[in-house]
Amino acid sequence: MTWIVRNLWLIPALPSLAAGLSAFAKQRNRLFAASLAIGAMGLSFLLSSCAFVFVLGSRGYGGVQFHNFPWLQYGGEWLKLGWMLDPLTAGMLVMVTSVGLLIFIYSTGYMAHDENFTRFFCFLSLFAAAMLGVVIANS
């Protein structure tokens with residue numbers, strides 16, 4: 001298993017972290033909330049691009065890479081959570097992060113005079129994290 005498959009969880013975790021930090025930001029910290037959200041989405045885009053390049057060059061790996069870990073035990077069985085990387089997942093990751101990054105950048109000007117600017121970027125980052133989490137889910 002390569003480093004990108006082991007660290008694929010960072011792609012939705014970065015916007016989630018940005019949402020958590022901007023949730024505690026004061027309403028007047030517009031620049032902090034916007035730059036945190038855009039920076040997190042930009043880093044997610046870079047990681048998604050690395051995953052896409054890995055999938056394009058990994059003909060010998062068998063197409064689907066996944067990482068599971070035990071989460072919850074029920075009786076003698078474990079409920080496992082994890083993520084997977086295949087060509088469809090890599091393409092969707094690049095698509096979602098690139099379009100999301102453009103939306104985040106556009107929203108700074110569109111929402112410039114709104115009083116709920118920081119809350120908007122908190123929710124926008126949270127939505128992006130959830131969408132990316134659905135994309136990499138293994139089931």
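How many disulfides does a search of the whole structure find? The search finds zero, a disulfide being a pair of cysteine sulfur atoms within 2.5 Å.

The model is predicted: local features need pLDDT of at least 70, side-chain atom pairs count only at pLDDT 80 or more, and totals for chains, interfaces and linings use all residues. Residues are numbered from 1 along each chain as its sequence is written, and side-chain values use heavy atoms, with hydrogens and water left out.

View 1. Helices (H or I, at least four residues) and strands (E, at least two) are DSSP runs, numbered from the N terminus. Along the sequence they follow the pattern α-α-α-β-β-α-α. The C-alpha atoms fill a box of roughly 50 × 40 × 20 Å, taken along the principal axes. Of the 139 residues, 36% count as buried. Buried means under 20% relative accessible area, exposed means over 50%, and partly exposed lies in between (1.4 Å probe, protein chains only).

**View 2. The largest nonpolar core has 16 residues.** A nonpolar core is a set of buried Ala, Val, Leu, Ile, Met, Phe, Trp, Tyr and Cys residues joined through side-chain atoms within 4.5 Å. Ile4, Leu8, Ile11, Phe54, Leu85 and Leu93 touch the most other members. Two or more residues come from each of α1 (3–6), α3 (30–57), β2, α4 (87–110) and α5 (117–136). Helix α3 gives the most, with four residues. A second, separate core of 11 residues includes Met41, Phe117, Phe121 and Ala128. In soluble globular proteins, nonpolar side chains tend to be buried together.

**View 3. The surroundings of Ile4.** Neighbours within four places in sequence are left aside here. Ile4 is then in contact (heavy atoms within 4.5 Å) with Leu47, Cys50, Ala51, Phe54 and Leu85.

**View 4. Phe69, Trp71, Leu72, Leu79 and Leu81 make a nonpolar surface patch of about 460 Å².** Patches are made of residues with over 30% relative accessible area and no salt bridge; nonpolar side chains (Val, Leu, Ile, Met, Phe, Trp, Tyr) are joined within 5 Å, like charges within 9 Å. A salt bridge is a side-chain nitrogen of Lys or Arg within 4 Å of a carboxyl oxygen of Asp or Glu. Accessible areas come from the Shrake-Rupley method with a 1.4 Å probe, and for residues only the protein chains shown count as cover. Strands β1 (65–74) and β2 (77–85) each give two or more residues to the patch, and β1 gives the most, with three. Leu72 is found in β1 and counts as partly exposed because its relative accessibility is 46%.
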